[in-house]
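Thanks for coming. I have one structure to go through today, and I will keep to the fold. Please bring it up on your screens.

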Amino acid sequence: MTGIEGVFDVLGARAPLAFFATLDATRLAHGYLFTGPAGVGKKTFARRLAQSLLCETPKATLLGYCEHCVGCKLFVAGTHPDFVWSEGTIKIGTQAGSALHDEDLTARDLVRELSLHGYRSRYRVVVLGDVAFATHESANALLKFFEEPPSGVLVILTTSAPGSLLPTVRSRFVELGFSPLPVADVEAVLRKGGVSAEQARIAARVSLGSVTRARAVLDEDGAGIRDASFAWFEHAMRGEPVDSGFLRLDDRSLSGAEKRAQVGELLELVRVGVRDWAASALAGEDVARLADDQRARIARIPARDPQATAALLGAIAEIERIADSNVSAGLVVDYLRVQLAPR
Ligand SMILES: [Zn+2]
């Protein structure tokens, strides 16, 4: 039996976990809305909750499944008749037919799926991951469901942008927030997935608590946040226009604290870049580097006289103090860029 410990431990789901762990089946609602940043385990949790409900082995708690019963086997094979999984936008549909396990669910399919009772299980679970509704018609399908929900049918929505849902839809759901993961957890997930210790450490630190974002950093093959930060540094030091897009300062799904953490990471890499740049100006090419992979980039930054270099180091210490205060991330980045530019 895969219980709570083994299955639900490394997700950003402490609050939802505590919620479902104490819930018994008679108190299950018809709709749950999982909110929180991308990559913290909302869809994974929804899938495991669904398997827990469809597992046919009797158990004391709501959460947990056996992996051996027919319910579990159908679930894992993606053919459980009482499980519907869809990701992305719900469209207006003209085609009839089953949308079971279809990526492209239409509003008409949704109405149909929501009207059915469990076929083999006492539950029927419909998960709409990263849900968005193309039209009011599709959102209305959900509202209709709540008017007279068939017993045992459960709808789980996940979204990183709950504000984009219609208030009339949102208010029908029990909303549960998923938090960003601690850096150590992201690192552990990456290590389990076969990522090297060094890469996992770097990716986890720039992940803002999101496994998805950490994987994106790794997948981008050198074009991740680390590289974008050093590119930003090079352009700022050369007095050229900088691209701050990778910091996602305009992304309203990120909190102020997340943006400040991202800028803190940029600052740390800038400090590494300045240190390598100043050291190679003093000691030449033979100097030991903190960021050996950035050697070519840093060599493109023109040297400055010792006084200007010392002033720059002082300015960075000052900016780190400012960044620790409540000043907005955007202002810190602007101030940093101005200080790095040649006079
Ligand atoms: Zn089972």
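I will start with the whole chain, then take the sheet strand by strand, and end with a helix pair.

A word of caution before the details: this is a predicted model. The protein chain has 343 residues, and 38% of them are buried. Its secondary structure comes to 15 helices and five strands. Along the principal axes, the C-alpha trace spans about 75 × 40 × 35 Å. As for contacts, take those between residues at least 6 apart in sequence: 67% of them join residues at least 24 apart.

Now the sheet. It is an open sheet of five strands, paired in parallel, and the order is β2-β3-β4-β1-β5. β2, residues 83-90, and β5, residues 174-177, are the edge strands, each pairing on one side only. From one strand to the next, the twist averages 20 degrees.

Let me go to β4, residues 153-159.

What does β4 pair with? One partner is β3, residues 124-133, which runs parallel to β4 and is joined to it by five bridges. Within that pairing, V126 has V155 of β4 as its bridge partner. The other pairing to look at is with β1, residues 31-35, again in the parallel sense and over five bridges. Here F34 is bridged to T158 in β4.

With helix α6, residues 136-147, the two strands make a right-handed β-α-β unit. Another helix to find here is α5, residues 107-115, which lies across β2, β3 and β4. Its direction is about 150 degrees to β2.

Next, β1. Is β1 enclosed or open to the outside? Five of its five residues are buried, so β1 is largely enclosed by the rest of the structure. The cover is on both faces: G31, L33 and T35 are buried on one side, and Y32 and F34 on the other. β1 also pairs with β5, in parallel, through four bridges. In that pairing T35 has G177 of β5 as its bridge partner, and L33 stands opposite E175 in β5.

Last, a helix pair. Two packed helices are described by the angle between their axes and the distance between the axes. The pair is α12, residues 256-283, and α14, residues 306-323. Their axes come within 11 Å and cross at roughly 165 degrees. Why call them roughly antiparallel? The cut-off is an angle over 145 degrees, and α12 and α14 are therefore roughly antiparallel to each other. Their crossing is left-handed.

Which residues meet between α12 and α14? From α12 the list is R260, V263, G264, L267, V270, R271, V274, A278 and A281. From α14 it is T309, L312, L313, I316, I319, E320 and A323.

That is the fold as I wanted to show it. Questions are welcome.

Conventions:
Residues numbered from 1 in each chain as written. Predicted model: local features only at pLDDT ≥ 70, side-chain atom pairs only at ≥ 80, totals over all residues. Pairing = 2+ DSSP bridges. Right-handed = clockwise from strand over helix to strand, strands pointing away. Buried ≥ 20, exposed ≤ 12 C-beta atoms within 10 Å, placed from the backbone. Contact = placed C-beta atoms within 7 Å. Axes fitted to C-alpha atoms, helices over the stretch in contact; angles between N-to-C directions. Parallel < 35°, antiparallel > 145°, perpendicular 65-115°, else oblique. Left-handed = near helix turned anticlockwise from the far one by under 90°.
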